[in-house]
Amino acid sequence: MDEEKIILADCPHCRTIQAGFRCLRVYERWEKRTESGSESTYLVRTGFLCCPVCQKAIIADLLGNQFTFTPNWNLEVPEHLPEAVERFLRQGLENIHRNFDAAGMMFRKSLEIALKEKHPELNESLYKNIEKLAANNDLTKELAEWAHHIRFAGNDAAHEEAFSADEAREMRHFTELVLTYLFTLPEKVKAHTHAV
């Protein structure tokens with residue numbers, strides 16, 4: 001790892017896949033590590049890297065040929081999601097900077113599957129399912145509006161050329177909020193109730 005060298009890594013800030021990070025500064029230090037009962041000294045090179053997309057920084061430690069990045073990128077999603085819901089949400093997150101129209105479709109799909117997971121009796125269009133849940137007070141007025149926004153923007157992602165990366169990012173925010181309300185909060189309340 002040398003200064004001005006380009007390093008391919010996923011950005012934990014803007015989530016660009018394989019962003020070409022520019023190495024701005026490199027520091028070297030020696031570290032002692034114990035492995036299999038014997039102590040060895042290793043040269044660790046630490047680089048201060050800048051993402052070319054969002055201009056935010058990460059720190060990379062290089063030991064041998066192995067990089068460790070701080071912060072690390074893991075696609076954080078709301079807790080306690082059903083497997084299918086999480087799968088589609090993660091697909092949206094993975095595509096949000098490369099294929100934002102695909103991300104929009106996946107956010108819509110994760111909402112659609114989420115409502116059916118939470119209410120298996122639902123068997124109509126996404127629009128009618130949202131309206132039914134709002135009428136039964138299973139979704140607040142605000143959540144129903146967010147859900148309709150996700151539905152409508154997801155349709156745009158599938159059918160309109162004008163769908164934008166900003167709309168995909170907004171969809172992500174709304175989708176995570178709705179999923180948190182549907183799955184994360186009830187489980188946290190349940191866990192707290194059992195703990196008391």
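Is Trp146 buried, exposed or partly exposed? Trp146 is partly exposed, with a relative accessible area of 28%; buried means under 20%, exposed over 50%, and partly exposed in between, for a 1.4 Å probe and protein chains only.

Colleagues, a word on the model. It is predicted, so local features need a pLDDT of at least 70 and side-chain atom pairs count only at pLDDT 80 or more, while totals for chains, interfaces and linings use all residues. Residues are numbered from 1 along each chain as its sequence is written, and side-chain values use heavy atoms, with hydrogens and water left out.

I turn to the aromatic residues. The structure holds 3 aromatic pairs; rings of Phe, Tyr and Trp (its six-membered ring) pair if their centres lie within 6.5 Å, with planes under 30 degrees apart counted as stacked, over 60 as edge-to-face and the rest as tilted. In one of them, Phe67 and Phe69 have ring centres 5.6 Å apart and planes at 10°, so this pair is stacked. Trp146 and Phe174 are also a stacked pair, because their ring centres are 5.7 Å apart and their planes stand at 25°. Trp146 lies in helix α4 and Phe174 in helix α5 (residues 165-195), so the pair ties together parts that are 28 residues apart in sequence. Helices here are DSSP runs of H or I with at least four residues, numbered from the N terminus. Phe174 is buried, at a relative accessible area of 15%.

Next, helix α3, residues 126-135. Leu126, Asn129, Ile130 and Leu133 are buried there. They cover an arc of only 100° around the axis, which puts them on the same side of α3; the arc is that of the directions from the helix axis to the C-beta atoms. Their cover includes α2 (100-118) and α4 (141-159).

Which residues have the most contacts inside the largest nonpolar core? They are Leu111, Leu115 and Ile130, in a core of 30 residues. Such a core is a set of buried Ala, Val, Leu, Ile, Met, Phe, Trp, Tyr and Cys residues joined through side-chain atoms within 4.5 Å. The elements giving two or more residues to this core are α1 (83-95), α2, α3, α4 and α5, and α5 gives the most, with 7 residues. Leaving aside neighbours within four places in sequence, Ile130 is in contact (heavy atoms within 4.5 Å) with residues including Leu111, Leu115 and His148. A second, separate core of 12 residues includes Ile7, Cys51, Ile58 and Ala60.

Finally, Arg108 is found in helix α2 and counts as buried at 18% relative accessibility. Among its contacts beyond four places in sequence are Leu126, Ile150 and Met171.
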